[in-house]
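Please read the following walk through one protein model with the structure open beside the text. The account starts at a single residue and then widens to the whole chain.

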Amino acid sequence: MNPIFILCISVVCFLLAGRFYSRFVSNTLGVDSGRKTPAVEINDGRDYVPTATPIVFAHHFAAIAGAGPIIGPVMALIYGWGPAWLWILLGGIFFGAVHDFSALFISVREGGKSIGEIARKSFGPAAFVMIISFAIVMLVLVNATFLNASATALTSIIDSAHIGLSKDQKFFRWADEAGGKVFIGGIASMSVIIVTVFAPLMGYLYIKRNVSVIKCSLFAIFICIVSVAAGIYMPITMEPKHWMFLISLYTIVAAGVPVWLFLQSRDFINVHLLYIGLILLFLGIIASGIRGVEVNFPANNMKEGASYLGFLWPGLFITIACGAISGFHALCAGGTTAKQIKSEGAAHTVGYYGMLLESFLALCVIITVIMGLDMAQYKQLVFPSEESGFKCNPILTFALALGRSLHIGLGLPLPLGILFGMLLLEGFVITTLDTSVRLNRYLFEELWRTVFQRTPKILGYYWVNSGMAVGLMIGLAYKNTVSNIWLIFGTSNQLLAAFTLIIISFWLLSKRRNLWLTAIPAVFMIITTLTMLVGMLVRQFIPKGNVPLIIADIVLLGLSFGIIWVAVKTLLNYRKTIVTI
């Protein structure tokens, strides 16, 4: 099959959803563009900062995109491209985009409160504590997954033959002195460092000096070019564990300083790479299709996929993760984005279209991989045998496929295409990490305010709370690979999305509005995720004796049943009230 056919169907569906279905969601929620937002009313210069919609969109999209819509779809391709394509398409439109838009809108309408605080209003303090605890565990899993992925990517090595170089040929300083190996992660390492160093200057320009978005964008593109050039000529190589500790130290700092200093500004710089990457992905698919490149993957490989990741349901839906629906997005919406939105109309733009763009990215990733690699090459990188000595590396898989796609379609040198794929993903792994650790800090602070009548002084320091988040992250990531953590991360992530949709449904119920657009996805995701949690515990974690993941799974199950019980009890009481009236 020609990949252009798959791409065109996807684009048409997304355009129709953005044109019609998003308006239905907006009318159901009751969006009022003339209403003042918390960012405008509070405007404290630290967390509540009214910001231009393009910059908020860039920050939000970079934060929610991260590595999720790339790693998840790449791993899910073991089931074949057909099931993965359909779930991203339908899930993104009717589940993910609705979830993101409604979570962001309600957080804005409720004064910039997190989804946990909104749950307290509907279900009481017990549910609030359980939601906050669940979110903390989920974020630890997010952080551990992406820290592990980041360290793997920044130290990735590939045979020179895979990128079109002979064993004695070097592409700048990529190859080792012995020949035959290319330290592709080293280039991305230098790029990440340079972008981080320039981030405070970028924030100063658009927040303190009010420099226009266009001028800031041009400067951001210049920074990206300089970072890539520096990486090519001065690659940095370190051990994975050293990268883990260095990134962890950065996230502790970034979690406490004003949001514009690193978080918002770094996202703004990085998102230009992502925008350029999306354009190149799109053009590479079109150009390759015109040149007659066919899909190299089976459309249906469910039997073999089940042997690696479990049955199609719930395995595929969990593995895809952020490409279709993600609870992490609700934390981003209520944690940082809602505090920057200038109008409720912007919540529609940032929330719904941000998720559609992420799903589009996930679909482009799928098409690129099934064009650039065959099944044997794919399995060697993503599901290597224990005898091979290799680790699961979906980031390198995507980079290699993108390099081949751009080489065949646009004539870009293969090494540069692979480098760009690595840069595209690595920059956003770090971006997700600093956002996630900051959100974890917020949640710890909320938890202490609820548990203690007077919060102990030491728990009021931001570095203590961000330090706890980082400590748990390192502890889980250090002895687990991406493939070990991904499924439980995906499950907790989807389950949080389900709980968010339940909270939104109760909010809509209290306003006498149509709740089915959120209630139906909520029920489906709850059944799917709980099934997966039980399955992983029984079939994987207990037989392998993986104690940290056994504990995480049991804690998630306990909190899940507690939240569901409170929600059902609240609904029954609500119905009794209506009957009495």
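The model is a predicted one, and every value here is computed from it. S505 is found in helix α20, which covers residues 482–510. Apart from neighbours within four places in sequence, S505 is in contact with L515, T518 and A519. W85 and S505 lie 420 residues apart in sequence, and their C-alpha atoms are 28 Å apart in space.

The overall dimensions come next. Along the principal axes, the C-alpha atoms of the protein fill a box of roughly 80 × 55 × 45 Å. The radius of gyration is 23 Å, which agrees with the value near 25 Å that a compact globule of 581 residues would have.

How much of the protein is buried? Of its 581 residues, 62% count as buried. The protein exposes about 21500 Å², and carbon and sulfur atoms supply 66% of that area. As for charge, there are 39 positive and 25 negative side chains in the protein. The centres of these two sets lie 9 Å apart.

The cysteines are the last topic. A disulfide is a covalent bond between the sulfur atoms of two cysteines. How many disulfides are there in the protein? The count comes to 0, where a pair of cysteine sulfur atoms must lie within 2.5 Å to qualify. Two cysteines illustrate the distances involved. For C13, the closest cysteine sulfur is that of C8, and because the two sulfurs are 11 Å apart, they are too far from each other for a bond. C13 has 26% relative accessibility and so counts as partly exposed.

C224 is buried, since its relative accessible area is 6%. To sum up the pair, C13 is partly exposed, whereas C224 is buried.

Methods
Residues are numbered from 1 along each chain as its sequence is written. This is a predicted model: local features need pLDDT of at least 70, side-chain atom pairs count only at pLDDT 80 or more; totals for chains, interfaces and linings use all residues. Side-chain values use heavy atoms; hydrogens and water are left out. Buried means under 20% relative accessible area, exposed over 50%, partly exposed in between (1.4 Å probe, protein chains only). The radius of gyration is taken over C-alpha atoms; the globule rule is 2.2 Å times the number of residues to the power 0.38. Accessible areas come from the Shrake-Rupley method with a 1.4 Å probe; for residues, only the protein chains shown count as cover. Lys and Arg count as positive and Asp and Glu as negative; His and the chain ends are not counted. The place of a charge is taken as NZ of Lys, CZ of Arg, CG of Asp or CD of Glu. Helices (H or I, at least four residues) and strands (E, at least two) are DSSP runs, numbered from the N terminus. Contact means heavy atoms within 4.5 Å.
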